[in-house]
Amino acid sequence: MHCPALPEGFDPTDPDVYQARVPLPEFARLRGTAPVCWIPQPHGVAGFDDDGYWAVTRHQDVKEVSTRPDVFSANLNTSIIRFNPAISRDQIEVQKLIMLNMDPPEHTRVRQIVQRGFTPRAIRALEDALRRRAERIVAGAGAKGSGDFVTDVACELPLQAIAELIGIPQDDRARIFDWSNKMIAYDDPELAITEEVGANAAVELISYAMNLAADRKKCPAQDIVSRLVAAEDEGNLGSDEFGFFVLLLAVAGNETTRNAITHGMHAFLTHPEQWELYKRERPATAAEEIVRWATPVVSFQRTATQDTELGGAHLREGQRVGIFYSSANHDPEVFDRPEVFDITRDPNPHLGFGGGGPHFCLGKSLAVLEINLIFNALADALPDIALTGAPRRLRSAWLNGVKELRVRYR
């Protein structure tokens, strides 16, 4: 059945759409006329043995799905809403070992262990080192005169923060960057990344992390790896669990923050009055608005564990449910003038870190710190940064990604 709120054949998980734009006008029509709407798909196009999914676009409904893991499972079909059609079910099943794709109580057990590395004290302990790194990154970019903001600036601090957090040698950060890029880029033909290449990158990253965990078990150090794996019988992670945790970090802690920083820079440079305001006042609310505006993860999915009702629609057990954070973050029932980039927005109950519930972003505090540090460094050292080209967007079914943003630094 075609959704009457959308043009015939339009699918808000079509990667071709996101290569050009985030479909905010279509989301607005869905929120207004069919906030929980069935989106038909050709059988198997998303990698699943079905013919479509329910699109959930209102803020309140996205929150409801997110906070009811007993009714809406992240595990049954994973949280990724659209894979390559060629993916096998076995390849999907393997991804259930990642915390993102777990349900309570297993998710609760793993999260309670890994959150030791994300306590306020742990994040504060990183702040001085990350501030120095942010200043060096920005100085290095400025010395070039001009370049690609994504590779020169946006990708560097998230990678270095992950390395700092879990004790990965800084010299290995380029490998982590390369592996994470390959894992999420299978929809973009320009990058020539096949499903096999992405899978191999995941295996390499997991193997790297497992070897790191094994080393720390033999010889503990003063880092989070040792705290997470050194005493498995005391509720710590096994080497394989740690491997999948690092894989999640490489995407959730790298790709998302990198894209938030990139979209934030683009927003500042296309809203120069906001950049002037930021340079002058450095409002504490800026990072949250950058994340709302960027919403690096457009959507995740859940699967109904039983027949249920949501937003006036009747969902059947086993049907997939897409929760569209980009739409929720532009819901005028929640945000005053959501189409406006306003770094003083307060309150700002955006869902850029998830809709609450068990899967709320574990690394939110770290991401906000990174965003604040990098934009403070940019405002101090490169206040006259300017665009020299339009952003080149990633072709992806669920990430609001930018591959390249050309700028002049001075």
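**Aromatic contacts and cysteines**

Trainee: Is Phe268 buried or exposed?

Mentor: The relative accessible area of Phe268 is 0%. In this predicted model, local features need pLDDT of at least 70 and side-chain atom pairs pLDDT 80 or more, while totals for chains, interfaces and linings use all residues. Residues are numbered from 1 along each chain as its sequence is written, and side-chain values use heavy atoms, without hydrogens and water. By the cut-offs (buried under 20% relative accessible area, exposed over 50%, partly exposed in between; 1.4 Å probe, protein chains only), Phe268 is buried.

Trainee: How many aromatic pairs are there?

Mentor: Rings of Phe, Tyr and Trp (its six-membered ring) pair if their centres lie within 6.5 Å; planes under 30 degrees apart are stacked, over 60 edge-to-face, and the rest tilted. By this rule, the number of aromatic pairs is 15.

Trainee: Which geometry do Phe268 and Phe341 adopt?

Mentor: Phe341 is buried, with a relative accessible area of 2%. The ring centres of Phe268 and Phe341 are 5.5 Å apart and the planes stand at 75 degrees, so the pair is edge-to-face.

Trainee: What is the geometry of the pair Trp275 and Tyr278?

Mentor: Trp275 is buried at 3% relative accessible area, and Tyr278 is buried at 2%. Their ring centres lie 6.0 Å apart with 5 degrees between the planes, and the pair is stacked.

Trainee: How many disulfides does a search of the whole structure find?

Mentor: A disulfide requires two cysteine sulfur atoms within 2.5 Å. The sulfur of Cys361 is 19 Å from the closest cysteine sulfur, that of Cys155, which is too far for a bond. Across the whole structure, the number of disulfides found is 0.
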